[in-house]
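Welcome! Please take a moment to look over the sequence and the fold before reading on.

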Amino acid sequence: MRRRDRFVLDVFACARGAAFITAIAAITAITAIAAITAIAAVAGCSPRSDPARSAGSAAVPDAACLAYLAANHIPAVPVGETRGVRTPVRVTGALAGISLVSRAKREPIMDCALARGLYEAAPVFHALGVDTLEFSGAYDYRNRQGTDALSAHAHGLAIDVHVFGGRAGRLEVGRDFEAGVGEWRKLRPGPGRVAACVGHPTTPAGTTLRTLACRLKLTTAFHVIVSPDDNASHRDHLHLEVYADTAEPEAEPAVPAAPAAPAPTPDRP
Ligand SMILES: [Zn+2]
């Protein structure tokens, strides 16, 4: 099952109860995903706020994700048990040419899934002349602002980026992001949606930054992008969030016991 499908199941279960999971399992259309996500948002719940996952450190590490990092030579090394994080890693170098620079000298500790998401999003950054992400925090065991639910940061699944740098220049979200000039909160994939999302910024930096945010929002590398268009607490950074693949290993099909071999006829003396 694809991660997005699993996410749909998680969100729907949270919003309407597990009894509907079977009915929704066949729904994979993007519009259905959007509708279900909206229902969950209205209900104020999220898979990441699931208390069962708050004890993520007890979960089995995501071996498939670690294998993905290794296979792609992604510079990230596993670290010891980290409260709330299923598969904690420390990023030790650039991810497909994208460097992470901490504003507060904090180590780039995160769940493997976020390192994978940043790696997969690298083409979007490069296309817009961005090769450096200046961030304030990634893993941070805390609640979401104003709630008693754990933030995605507590699971190492989100990073707050304040400045995007590279040949595009220094794009500061707090200074250059022009909020409210294009479609954002109801953005859905489709023809012409990036242009509608970018809208009509008044500066080149504003145009590049909105184009970046819109493309990131429409890529599958991340599942949630929160920007100044969403609320005042994100006026100076983009929150980039992935959802971990929480799949448990597929159960091996039961192998019926082989019929007992007939007892050999003892040789007669
Ligand atoms: Zn954040």
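The notes below cover confidence, then the strands and how they pair.

## Reading the model

This is a predicted model, in which local features need a pLDDT of at least 70 and side-chain atom pairs count only at pLDDT 80 or more, while totals for chains, interfaces and linings use all residues. Residues are numbered from 1 along each chain as its sequence is written.

The pLDDT is the predictor's confidence in each residue, on a scale from 0 to 100. Across the protein the average pLDDT is 79, and 69% of the residues score at least 70. Residues 1-57 have a pLDDT below 50, and beyond near neighbours in sequence this stretch has 64 contacts in the model. Here, two residues are in contact if their C-beta atoms, placed from the backbone, lie within 7 Å. Where pLDDT is low, the predicted coordinates should not be read in detail.

## An open sheet with a helix across it

Helices (H or I, at least four residues) and strands (E, at least two) are DSSP runs, numbered from the N terminus. Two strands pair if DSSP finds at least two bridges between them.

Three strands make up an open sheet with antiparallel pairing, in the order E1-E2-E4. Its edges are E1 (76-78) and E4 (109-111), each of which pairs on one side only. From one strand to the next, the twist averages 40°. E1 is joined to E2 (residues 88-91) by three bridges, and Pro78 stands opposite Val89 in E2.

Which helix lies across these strands? Helix H6 (residues 112-127) does so, lying across E1, E2 and E4 and running at about 90° to E4. Axes are lines fitted to C-alpha atoms, for helices over the stretch in contact, and angles run from 0 to 180 degrees between N-to-C directions.

## The pairings of E6

Another antiparallel partner of E6 is E7 (residues 169-172), with four bridges between them. Val163 stands opposite Glu172 in E7. E6 and E7 form a hairpin, and two residues lie between them.
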